[in-house]
Amino acid sequence: MTITLPDLPYPQEALEPHISAKTLSFHHGKHHKAYVDKTNELVKGTPLEKASLEEIIREASKDSGKAVLFNNAAQVWNHTFYWNCMKPAGGGMPRGEIAKRIDADFGGYDKFVEQFKQAGATQFGSGWAWLVLDGGKLKVTKTPNADLPMAHGQKALLTMDVWEHAYYLDYQNRRPDYISTFLDKLVNWEFVERNL
Ligand code: MN3
């Protein structure tokens, strides 16, 4: 099936002042779109032409000859997931089931924040910080470039893009400020909980 670029789940200016409409316009309209277009171009006329995005990612992850396809398809998935991980007036301490799970598996929200900030700040170069479900337990991980939890038998619950294009227009080289703002003002905890 043809992979399509999903609309953002909110208007382009909805995350201001934390993430500008200009950043979202480039990040969604140019970067995310380019990954969609490249994925469609690469599967055209191949046995994966009719496959779902998840099937393309799984197949490409098993074949080192399909690294370019894996990178593009995984980036399509990662970005769609990332947009949904944020909302206007989000962030801060979660409530409900996800809060209980964070307390149980990290020893409190502050401990989770410490680990998530550390993962985002120490991912050298381009990549992603994640909250995942791994063997029934919550865990913080980081992945380089396009790599993602489903390629490692984990279920993604939350992600943060730490490629420079995610924050450079708004934060320049201050990645730690972007990470703090993401956690304090943007996380859509209802979406994270639905992924459990
Ligand atoms: Mn990105």
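How are the donor residues of the manganese ion spaced in sequence? The pattern is H-x51-H-x81-D-x3-H. Before I go on, a reminder that this is a predicted model.

The protein donors themselves are His27, His79, Asp161 and His165.

Take His79 and His165 as a pair. They link distant parts of the chain, being 86 residues apart. His79 sits in helix 3, residues 67-84. His165 is in the loop between strand 3, residues 155-161, and helix 6, residues 168-171. Are these two buried or exposed? His79 has 0% relative accessibility, so it counts as buried. His165 has a relative accessible area of 19%; buried means under 20%, so His165 is buried as well.

Next, the backbone. Glu16 and Pro17 are joined by a cis peptide bond, with omega at about 5°. Pro17 belongs to the segment before helix 1, which covers 21-43.

Which residues have a positive phi without being glycine? One is Asn145, at about 55°. Asn145 is placed in the loop between strand 2, residues 137-144, and strand 3. Its relative accessibility is 41%, so Asn145 counts as partly exposed.

Another is Gln172, where phi is about 50°. Gln172 is in the loop between helix 6 and helix 7, the latter being residues 175-186. With 33% relative accessibility, Gln172 also counts as partly exposed.

Terms used
Residues numbered from 1 in each chain as written. Predicted model: local features only at pLDDT ≥ 70, side-chain atom pairs only at ≥ 80, totals over all residues. Heavy atoms only, no water. Donors = N, O, S within 2.8 Å, 3.2 Å for Na, K, Ca; no water. Helix = DSSP H or I, 4+ residues; strand = E, 2+ residues; numbered from the N terminus. Buried < 20%, exposed > 50% of the residue type's maximum accessible area, 1.4 Å probe, protein only.
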